[in-house]
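Hi everyone, thanks for making time.

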Amino acid sequence: MSDADKDPTVLFQHAIEPRWRDLDAFGHVNNSNFLTYLEEARIRWFETFGGQWVNDAIAPLLAAVQLNYRAPIDYPSTISVELFAQRIGNTSLTVGHRIRSADGSVLHADGHVVMVWIDRATGRPIALPELVLKALR
């Protein structure tokens with residue numbers, strides 16, 4: 001069974017309307033913009049945590065990205081970015097993601113990112129903040 005066939009619990013969902021400038025010469029959303037859509041959804045999700053997920057002392061970093069392009073995103077359209085937890089470690093969090101059409105009928109992309117929170121002074125990983133763990137429960 002592929003990741004696309006599984007139905008994990010969605011932690012956050014964010015609707016996005018691609019902009020004209022997101023298109024490439026083929027008239028659909030350029031592949032690099034998929035990453036921007038995922039970033040936007042993650043930041044919006046972090047903002048729902050109800051506290052400081054980033055500050056002068058700590059910050060999340062993207063340690064790895066895996067993205068499967070399944071179908072082009074046409075313009076105009078509305079897409080939905082879905083986020084879910086795949087793995088919760090001591091210092092890292094693997095966030096699964098899917099980009100679907102607004103009605104859910106088309107899977108445009110899927111995959112995951114690995115997020116690591118760091119101590120900004122040392123640049124070293126720290127334990128996941130309690131605020132993040134609470135959001136995952």
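Let's start at Val95. Setting aside residues up to four places away in sequence, Val95 touches Trp45, Leu83, Phe84, Gly111, His112, Val113 and Met115. Keep in mind that this is a predicted model.

You'll find Val95 in strand β4. So is Val95 buried or exposed? It counts as buried, because its relative accessibility is 2%, and the cut-off for buried is under 20%.

Now hop over to Trp45. Again leaving out neighbours within four places in sequence, Trp45 has contacts with Leu11, Phe12, Leu83, Leu93, Val95 and Leu136.

That brings us to the largest nonpolar core, which has 28 residues. Trp45 is among the residues with the most contacts inside it, along with Val81 and Ile99. Which elements give two or more residues to this core? They're β1 (12-16), α1 (31-47), β2 (58-69), β3 (79-88), β4 (92-101), β5 (107-119) and α2 (130-136). The most comes from α1, with 6 residues.

Last stop, the surface. Leu35, Leu62, Val65 and Tyr69 make a nonpolar patch there of about 340 Å². Strand β2 gives the most to that patch, with 3 residues. Take Val65, which lies in β2: it counts as partly exposed, because its relative accessibility is 41%.

How values were computed:
Residues are numbered from 1 along each chain as its sequence is written. This is a predicted model: local features need pLDDT of at least 70, side-chain atom pairs count only at pLDDT 80 or more; totals for chains, interfaces and linings use all residues. Side-chain values use heavy atoms; hydrogens and water are left out. A nonpolar core is a set of buried Ala, Val, Leu, Ile, Met, Phe, Trp, Tyr and Cys residues joined through side-chain atoms within 4.5 Å. Buried means under 20% relative accessible area, exposed over 50%, partly exposed in between (1.4 Å probe, protein chains only). Helices (H or I, at least four residues) and strands (E, at least two) are DSSP runs, numbered from the N terminus. Contact means heavy atoms within 4.5 Å. Patches are made of residues with over 30% relative accessible area and no salt bridge: like charges are joined within 9 Å, nonpolar side chains (Val, Leu, Ile, Met, Phe, Trp, Tyr) within 5 Å. Accessible areas come from the Shrake-Rupley method with a 1.4 Å probe; for residues, only the protein chains shown count as cover. A salt bridge is a side-chain nitrogen of Lys or Arg within 4 Å of a carboxyl oxygen of Asp or Glu.
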